[in-house]
Amino acid sequence: MGIRFTEDDFGITHLASMFHQDWRLLGSARDVVMSYVAQTSDPFVLALAEDALRLTASDDNETVATLWECATGSYHRLNDDSVSGLDWFQGVADICERGLAQAGVHADIEVGESAYEALRGRVVAEIEELEPALDEAITKNSIVSIPGAVSALKVCASDICPELAFRVLLRFLMECSCEIDSDLYVRFVELGQEFSYGEFVVSRISFLTR
């Protein structure tokens, strides 16, 4: 998506924000997705479908399941619902496509090579630099305990999509309250500009700078 349609988050990371600590009051995980699709505008649904299909196309069940836990801060663990990561994201994509069809939007969503191949190395490098701080934050946070989180983020950046990996990283930093230094934050703002993000996608983590 070369032109952003929102100043804030989008795609699976925006959906993940719906899975807060009280999300089960809204029903099942599928209910949350259906509600999200019904209540958001078509560009948000298209962005979610694109993310979901890209993760499904990776055919890497363990990585995509871990990425979802990173994005939700462990508030929705797929193992708890006995569903695989690939099945979960295919289900999300199916709900999106049905919602778009009901709205009269006939979108042929094709997920090919990421448009941000040139930024893979930069995103992987930032994740690697953050690895000690992330490991420490995970250790201190009794709620967010996700084995293999950093590894999954690196795999996403190198093999799936660096832009998607960066968005999941931003959410994960918030979920595990991982502090970052001001120089890193500046680099993150620059990356956000490279990804054509809206104003608040990166700035919402500014409270983590030290």
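## Crossing of α8 and α9

In this predicted model, the crossing of helices α8 and α9 is left-handed. The residues that make the contact are F166, L169, L170 and L173 on the α8 side, and F188, L191 and G192 on the α9 side. The two helices pack at an angle of about 140 degrees, and their axes lie 11 Å apart.

## Helix α9: length and ends

Helix α9 runs over residues 182-194, and its 13 residues, taken at 1.5 Å each, should span 18 Å; the C-alpha atoms at its ends are 19 Å apart, which agrees with that expectation.

At the start of α9, the backbone nitrogen of D183 has a side-chain oxygen of D181 within 3.2 Å. Following the helix comes S196, a residue with a positive phi, near 60 degrees.

## Helix α9: buried and exposed faces

The buried residues of α9 are L184, Y185, F188, L191 and G192. Because these buried residues fall within an arc of 115 degrees when seen down the axis of α9, they line one face of the helix. The face turned away from this buried side carries D183 and Q193, both of which are exposed; D183 is also the residue whose backbone nitrogen is approached by the D181 side chain.

The cover over the buried residues of α9 includes α6 (120-140), α8 (162-175) and α10 (199-203). For α8, the residues making the contact with α9 include L169 and L173, and on the α9 side F188, L191 and G192 take part; F188, L191 and G192 are also among the buried residues of α9.

## Helix α7

In helix α7, which covers residues 149-160, the buried residues are A149, V150, A152, L153, C156, A157 and I160. Seen down the axis of α7, these residues fall within an arc of 165 degrees, so they too line one face of their helix. The elements covering them include α3 (42-57) and α4 (61-72), together with α6 and α8; α6 and α8 are likewise among the helices that cover the buried residues of α9.

## I12 in helix α1

I12 belongs to helix α1, residues 11-16, and counts as buried because its relative accessibility is 0%. Apart from neighbours within four places in sequence, I12 is in contact with L48, D51, A52, L55, W68, F89, L164, R167 and V168.

I12 is buried, whereas Q193 is exposed.

How values were computed:
Residues numbered from 1 in each chain as written. Predicted model: local features only at pLDDT ≥ 70, side-chain atom pairs only at ≥ 80, totals over all residues. Heavy atoms only, no water. Helix = DSSP H or I, 4+ residues; strand = E, 2+ residues; numbered from the N terminus. Expected span 1.5 Å × (residues − 1). Buried < 20%, exposed > 50% of the residue type's maximum accessible area, 1.4 Å probe, protein only. Arc of directions from axis to C-beta. Contact = heavy atoms within 4.5 Å. Polar contact = N/O pair within 3.5 Å; in protein donor to acceptor, adjacent residues only side chain to side chain. Axes fitted to C-alpha atoms, helices over the stretch in contact; angles between N-to-C directions. Left-handed = near helix turned anticlockwise from the far one by under 90°.
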